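Student: Could you walk me through this structure? I'd like to go slowly and ask things as they come up.

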Amino acid sequence: MKKDEVVDASRRNFLKTTATGALATTVLGGFPTIVPASVFGKNAPSNRINVAAIGTGRISRGHDIPGVWQYDNALIMAVCDLDSNRAEDAKKLVNNYYSKKNGKEYDGVRVYTDYRELLLNKDVDAVIVSTPDHWHAPIVVDAVRARKDVYMQKPASLTIAEGRMMADAVKQSGQIVQVGSQQRSSEQFRYAAELVRNGRIGQLKTVYVGLPGDPAGDDEPQMPIPKNLDYDMWLGTTPEVYYTEKRVHPQVGYDRPGWLRCEQFGAGMITGWGSHHIDCAHWAMDTEHTGPIQIWGHADFPKKGLWNVHGIFRTEALYDNGVRMIVSNEIPNGIKFEGTNGWIFVSRGDGSVTSSDPVAKQNAAKKLDASDPKLLTSVIGPNEIHLPVSKEHHGNWLESVVSRKEPIAPAEIGHRSCSACLLHHAAMKLDRKLYWDPKKEQFKNDAEANALLSRPQRAPYAIKAVASAKGK
């Protein structure tokens with residue numbers, strides 16, 4: 001073992017030892033609490049979790065970077081973005097935060113424009129991946145191979161094939177990966193899942209998932225590529241197409257980026273919000289490691305314009321346990337579980353991720369509702385099913401980095417949630433019933449549908465295949 005590998009291993013062993021020693025007396029829901037700086041010693045930087053942010057746009061600045069920097073045992077030491085202006089903005093954002101927090105000028109954040117160079121830095125313990133959807137899986141695969149722990153934004157992948165490669169790479173690496181399905185760290189979603197799992201509404205029959213929709217847009221002219229943007233790498237594995245600002249992100253400010261509405265880079269709201277709600281539905285259904293067996297439905301797609309993700313839609317799925325799931329933008333945003341003895345509805349209420357989110361605020365939506373109000377005061381007994389507790393999603397990830405225990409939203413479960421969304425998307429595209437084998441992760445006797453499981457990957461950005469980790 002090389003000298004730098006010995007140092008790196010020693011450092012990680014210290015974190016693990018600390019988790020099983022000094023931290024063992026403060027356990028919350030199966031995870032040790034976040035370690036305050038006083039435990040590590042403020043003058044012991046080698047004992048901190050050094051974190052780098054890859055992708056520094058809207059979700060990174062408003063959610064992920066602040067989600068990590070609030071904890072004293074983590075340090076945002078580097079930022080990376082293919083748009084050098086955004087990378088410099090992120091450097092200022094983080095430096096200013098630490099300057100204000102510490103009461104003295106701070107200038108310790110390093111800037112990268114290529115994540116591959118960042119991953120070579122041995123001082124980086126972990127990375128946050130807050131890029132556009134089509135870059136999630138490739139970066140996570142490279143990061144875990146570089147022995148970095150990862151917090152990745154959802155959805156887990158652009159395609160089901162990419163998601164399987166990502167989940168396998170994570171399993172083989174042994175690294176800690178948390179998918180940004182942060183509703184698992186919201187009390188009302190966990191409680192709703194526990195009520196359903198413990199039979200409070202009888203036998204579960206139907207799950208209704210309400211998602212927002214996205215409007216279409218106009219044709220957009222070709223524009224000169226900004227000098228501050230590595231546009232070729234930004235396109236990544238996807239086909240080469242001309243640059244226009246509304247295909248990428250605003251050059252001024254951090255409003256909602258246009259790529260979210262381009263199928264080249266994502267599937268639209270079916271994965272954008274579906275990865276949240278379908279994930280929590282699976283949690284309550286006890287189907288986190290599987291998926292539906294039949295999927296069907298319809299969607300309207302724009303007939304012209306740059307933005308071409310689905311509009312109005314309704315899709316359905318049947319699971320092997322007999323539960324039917326209905327997903328539509330015409331259902332109130334949230335999840336409704338309907339059983340033989342009543343129903344439970346759960347949502348974020350008036351919460352949002354960012355101010356520019358399409359459902360930034362819902363009109364007086366209840367976080368929890370039920371056919372019988374008494375359901376919402378039901379106590380989960382000591383001998384009943386209790387799901388893992390997480391008070392805050394980024395904090396849960398950092399706890400897992402220290403303890404080396406699985407986080408509340410691990411890669412395999414995130415892959416399955418994303419896969420279910422992409423199955424609904426496939427049904428939208430083909431406009432007919434599809435039959436899915438969750439074990440083989442293939443459609444049954446359907447070459448046309450199976451062709452949607454992957455996309456051609458443009459060199460040199462393709463994910464390098466790994467041997468399957470399933471069953472190991």
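This is a predicted model: local features need pLDDT of at least 70, side-chain atom pairs count only at pLDDT 80 or more; totals for chains, interfaces and linings use all residues.

Student: OK, how many strands form the open sheet, and in what order?

Tutor: There are 9 strands, in the order β15-β14-β13-β9-β12-β11-β10-β16-β17, and their pairing is mixed. Strands (E, at least two residues) and helices (H or I, at least four) are DSSP runs numbered from the N terminus, and two strands pair if DSSP finds at least two bridges between them.

Student: Which strands stand at the edges?

Tutor: Those are β15 (368-370) and β17, and each has a single partner strand, so one side of each is left without a neighbour in the sheet.

Student: And how do β11 and β12 run, parallel or antiparallel?

Tutor: They run antiparallel, with 5 bridges joining β11 (residues 313-318) to β12 (residues 324-328). Within this pair, R314 stands opposite S328 in β12.

Student: What does helix α8 lie across?

Tutor: Helix α8 (residues 187-197) lies across β9, β13, β14 and β15, and it runs at about 160° to β14. Angles run from 0 to 180 degrees between N-to-C directions, and the axes are lines fitted to C-alpha atoms, for helices over the stretch in contact, where contact means heavy atoms within 4.5 Å. Helix α13 (residues 411-430) lies across β10, β11, β12, β16 and β17, running at about 55° to β10.

Student: Switching topic, where are the cis peptide bonds?

Tutor: One joins K154 and P155, with omega about -5°, and P155 is in the loop between β7 (149-152) and α7 (160-173). Another joins A459 and P460, with omega about 5°, and P460 is in the segment after α14 (447-450).

Student: Why point those out?

Tutor: Most peptide bonds are trans, and most residues other than glycine have a negative phi.

Student: So what is phi for D286, and is that residue buried or exposed?

Tutor: D286 has a positive phi of about 60° although it is not a glycine, and its place is the loop between α11 (274-285) and β10 (294-299). At 52% relative accessibility D286 counts as exposed, where exposed means over 50% relative accessible area, buried under 20% and partly exposed in between, with a 1.4 Å probe and protein chains only.

Student: What about N445?

Tutor: Phi of N445 is near 50°, also a positive value in a residue other than glycine. N445 is in the loop between β17 (442-443) and α14, and it is exposed, with a relative accessible area of 85%.

Definitions and conventions:
Residues are numbered from 1 along each chain as its sequence is written. Side-chain values use heavy atoms; hydrogens and water are left out.
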